[in-house]
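Welcome, and thanks for taking a look at this one. Please keep the viewer open while you read, so that you can check each point for yourself.

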Amino acid sequence: MQQMQHYVIFPNHDNGMRLYQELKKQGIQATISPTPRAVSKCCGIALMIRKEDIPAIEKCVEEKGIEILRIAEIAKDVNPKRDRYC
Amino acid sequence: MDGQIYFDNGSTSWPKAPGVAEAVCRLLEEGAFNINRGNYTGAYEVAGKVLSTREKLARMFQVEDSRHVIFTSGVTCSLNYFINGFLKPGDHVLVTGLEHNAVMRPLHRMTKQGVAYDVIPVDRQGNLKAEQAESLIRPATKAMIVSHASNVCGTVVPIRDLGEVCRRHDLFFAVDSAQTAGTFPIDMPGTGIDLLAFAGHKGLLGPQGIGGFVISDRLSREMEPCILGGTGSQSDSYEMPEQLPDKYESGTMDLPGIIGLHAALSYLEQTGIDSLREKKMELTGYFLEQIREFRDIRIVGRPDLKNRTAVVSLDFQTMDNAVAAFELEQRAGIMTRVGLHCAPLAHRSLHTFPEGTVRFAFSASNTRDEIDRCIQVMKELFQ
């Protein structure tokens with residue numbers, strides 16, 4: 001079964017940094033990463049999160065007034081054979 | 001700087017706060033990565049420091065949301081943003097008789113595009129005749145732009161009263177805190193300020209080249225960005241983002257400046273601006289007390305400590321002011337600033353145009369011994 005990765009996507013870097021610091025304070029795991037091109041044209045930062053933390057993250061976003069675009073789910077795409085045909 | 005005495009803190013503070021130089025060096029040597037662009041851990045660490053700097057400034061000016069803190073090169077740039085990005089042909093604004101050219105030059109240019117202004121007068125000591133403000137308001141009046149304290153004579157303007165006038169008449173209120181940020185507490189929402197322009201390198205004790213403005217929610221919906229370009233966000237669009245701070249922060253930021261300012265703000269938080277102000281005012285009082293003994297030196301502005309900053313302007317009656325400043329430096333390494341201080345309107349209001357004044361601006365790093373030395377040289381020159 002294909003593994004999925006969850007990302008919080010932002011309108012700008014500032015909101016990404018704000019949420020990252022809030023989650024860190026609350027002990028919720030998050031990793032800053034470039035926004036996957038597949039989920040947004042906006043070349044900002046995203047936060048890689050765990051699926052089970054989504055409700056807590058949504059609560060934090062709401063309480064702290066942090067602007068996010070959405071939480072996206074995409075297939076983990078580290079495939080050494082991608083685009084190789086022989 | 002042995003044998004030299006720095007009394008030009010109205011231009012820029014020196015020495016800077018402990019830790020500022022080290023913080024700037026550390027950034028440059030250990031990784032001056034570009035935030036909002038670089039997608040790697042080093043850049044995210046710098047971004048975290050920038051966010052922390054915004055939060056410190058928001059706390060200092062009592063603003064809840066630090067996204068409203070915008071970095072620019074300083075007060076001049078910030079006031080240009082307001083004057084060029086907010087005012088439109090047909091608008092009328094009020095300014096005070098103490099304004100710097102950071103207000104008067106962009107405003108003068110806007111008069112050629114149909115913006116008009118009136119000046120709220122001051123008396124000879126630089127005290128604002130605030131009671132006259134309301135009578136100058138017209139139907140087209142959109143805003144009031146006010147220097148919190150004069151960079152020439154140090155007189156402090158009653159911004160709370162003026163903020164109240166703005167509130168009553170639904171005017172936008174822009175305040176230039178070049179001479180007061182880091183010295184006086186400023187409650188931006190409590191005073192009804194819509195744009196607070198600040199310099200990072202004067203009372204805030206950071207490096208030159210960094211400053212900014214704090215903007216109210218309602219003004220951020222009205223004020224257009226004057227500089228447009230890349231923000232590292234919403235890069236697929238030719239439109240500027242509406243989000244703060246991106247709306248007003250195009251191009252690569254002055255990260256060494258911001259990191260230096262971060263160190264300076266940490267110092268101010270530890271030390272407390274009240275204790276620094278007390279020290280500066282104690283020195284100012286000591287200086288004024290002795291200057292009053294000179295018959296041929298005129299104190300321009302208030303002769304006492306009421307409603308003033310640590311900026312003192314003197315007019316030497318028996319010597320050209322430029323020659324007096326030159327002699328002070330030649331004889332004792334005393335650094336002052338002579339001339340019109342980029343504020344011809346203020347000098348006209350204070351009746352010191354065009355001869356100007358010699359300005360002494362003290363910091364908490366100055367000492368009574370330095371003032372004693374200065375007075376001794378003045379005695380040699382003028383008594």
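Predicted model: local features only at pLDDT ≥ 70, side-chain atom pairs only at ≥ 80, totals over all residues.

Chain A and chain B bury about 1,600 Å² between them, and 20 residues of chain A are in contact with 21 residues of chain B. Over all chains, the count comes to 26 salt bridges.

**The interface between chain A and chain B**

- Of the area buried between the two chains, 52% is on carbon and sulfur atoms.
- A:H13, A:M17 and A:R18 supply 32% of the area that chain A buries against chain B, which is more than any other three residues.
- There are 8 residue pairs in polar contact across the interface, with both residues at pLDDT 80 or more.
- On the chain A side, helix 1 (13-26) and strand 2 (30-34) each supply at least two of the residues that touch chain B.
- Helix 1 of chain A gives the most to that side, with 6 residues.
- Sorted by class, the side of chain A that touches chain B has 8 nonpolar, 7 polar and 5 charged residues.

**Salt bridges between the chains**

- Side chains of opposite charge can pair when their charged atoms come close.
- Between chain A and chain B the count is 2 salt bridges.
- One of them joins the side chains of B:R54 and A:D14, at 3.5 Å from N to O.
- A:D14 and B:R54 also belong to a network of salt bridges that links them with A:R18 and B:E249.
- A:E67 forms a salt bridge with B:R67, and the closest N and O atoms are 3.9 Å apart.
- This pair joins two chains, because A:E67 lies in the loop between helix 2 (54-64) and strand 4 (70-75) of chain A, while B:R67 lies in the loop between helix 2 (41-60) and strand 2 (69-72) of chain B.
- A:E67 is partly exposed, with a relative accessible area of 32%, whereas B:R67 counts as buried at 8% relative accessibility.

**Salt bridges within a chain**

- B:R67 also forms a salt bridge with B:D65, where the closest N and O atoms are 3.1 Å apart.
- B:D65 is partly exposed, with a relative accessible area of 25%.
- In chain A, the side chains of A:D53 and A:R50 meet in a salt bridge at 3.1 Å, N to O.
- A:D53 counts as buried at 11% relative accessibility, while A:R50 counts as partly exposed at 36%.

- B:R359 is found in strand 13 (residues 357-361) of chain B, and at 1% relative accessibility it counts as buried.
- The side chain of B:R359 makes a polar contact with the side chain of B:S11 at 3.0 Å.
- A polar atom of the B:R359 side chain also lies 2.8 Å from the backbone oxygen of B:N151.
- Beyond residues up to four places away in sequence, B:R359 touches several others, including B:F7, B:D8, B:V311, B:T336 and B:H341.
- B:T336 sits in the loop between strand 11 (334-335) and strand 12 (337-339) of chain B.
- B:T336 is buried because its relative accessible area is 17%, and buried means under 20%.
- Leaving aside neighbours within four places in sequence, B:T336 is in contact with residues including B:A325, B:L328, B:V358, B:R359 and B:F360.
- B:T336 and B:H92 are 244 residues apart in sequence and 37 Å apart in space, C-alpha to C-alpha.

Technical notes: Residues numbered from 1 in each chain as written. Chains lettered and ligands numbered in written order. Heavy atoms only, no water. Contact = heavy atoms within 4.5 Å. Buried area = accessible area lost by both parts, 1.4 Å probe. Salt bridge = Lys/Arg side-chain N within 4 Å of Asp/Glu carboxyl O. Polar contact = N/O pair within 3.5 Å; in protein donor to acceptor, adjacent residues only side chain to side chain. Helix = DSSP H or I, 4+ residues; strand = E, 2+ residues; numbered from the N terminus. Nonpolar A, V, L, I, M, F, W, Y, C, P; charged D, E, K, R; others polar. Buried < 20%, exposed > 50% of the residue type's maximum accessible area, 1.4 Å probe, protein only.
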